[in-house]
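Visitor: Hi! Could you walk me through this one? I'd like to start with the aromatic rings.

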Amino acid sequence: MSLFILVIRVNSEKEVLSINAEELVATYSNMLFKICLVILGNEQDVQDAIQDTFYRYLTVNPEFSDKEHEKAWLIRVAVNISKDMRRFQHRHPVVSMELLEDYFFESPKEGEVLEELLRLPYKLKTVIYLHI
């Protein structure tokens with residue numbers, strides 16, 4: 001059984017529109033994947049961008065004059081989401097754990113302690129951080 005069998009939406013005029021989401025995903029997902037991959041360069045981020053694009057399609061309920069208009073709208077939304085993600089990554093850089101381990105820890109055991117600490121739930125981490 002498919003996850004995307006049929007999605008039913010109600011627009012502002014309360015008329016019911018049905019969309020075959022499986023067909024939508026099958027038609028456009030490969031194209032959107034390639035476009036987003038060029039912008040983001042990371043498969044996990046690309047999957048998030050495509051998911052956000054289809055989510056926006058289902059929640060915004062746009063009206064299209066034809067299939068080309070629908071395709072152009074999906075491409076534009078995917079590109080905008082990808083650019084927003086890149087902008088966020090640029091403004092909020094991430095340092096890898098390997099670099100932290102090499103810089104801060106004198107022994108491998110200290111790195112293992114940090115890994116275990118990072119696996120803890122947020123509330124427990126906060127308590128330990130405040131105690132230190």
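**Rings and a helix**

Guide: Happy to. This is a predicted model.

Visitor: Which aromatic pair does Y57 form with F64, stacked or edge-to-face?

Guide: Y57 and F64 are stacked, with 5.9 Å centre to centre and 10° between the planes.

Visitor: And is F64 buried or partly exposed?

Guide: F64 is partly exposed, with a relative accessible area of 23%.

Visitor: What about Y57 and W73, how are they arranged?

Guide: That pair is edge-to-face: the centres of Y57 and W73 are 5.9 Å apart, with 65° between the planes. Y57 sits in helix α2 and W73 in helix α3, so the pair ties together parts 16 residues apart in sequence. Ring pairs link Y57, F64 and W73 into a cluster.

Visitor: Switching to helix α3: how far apart are its end C-alpha atoms?

Guide: They are 36 Å apart. Helix α3 covers residues 67–91, and at 1.5 Å a residue its 25 residues should span 36 Å, so the two values agree.

Visitor: Nice. Which residues of α3 are buried?

Guide: The buried ones are E70, L74, V77, A78, V79, I81, S82 and M85. Their cover includes α1 (21–40) and α2 (43–60).

Visitor: Let's zoom in on S82. What is its relative accessible area?

Guide: S82 has a relative accessible area of 0%, so S82 is buried.

Visitor: What is S82 in contact with, leaving aside neighbours within four places in sequence?

Guide: With C36, I39, L40 and A49.

Note on methods: Residues are numbered from 1 along each chain as its sequence is written. This is a predicted model: local features need pLDDT of at least 70, side-chain atom pairs count only at pLDDT 80 or more; totals for chains, interfaces and linings use all residues. Side-chain values use heavy atoms; hydrogens and water are left out. Helices (H or I, at least four residues) and strands (E, at least two) are DSSP runs, numbered from the N terminus. The expected span of a helix is 1.5 Å times one less than its number of residues. Buried means under 20% relative accessible area, exposed over 50%, partly exposed in between (1.4 Å probe, protein chains only). Contact means heavy atoms within 4.5 Å. Rings of Phe, Tyr and Trp (its six-membered ring) pair if their centres lie within 6.5 Å; planes under 30 degrees apart count as stacked, over 60 as edge-to-face and the rest as tilted.
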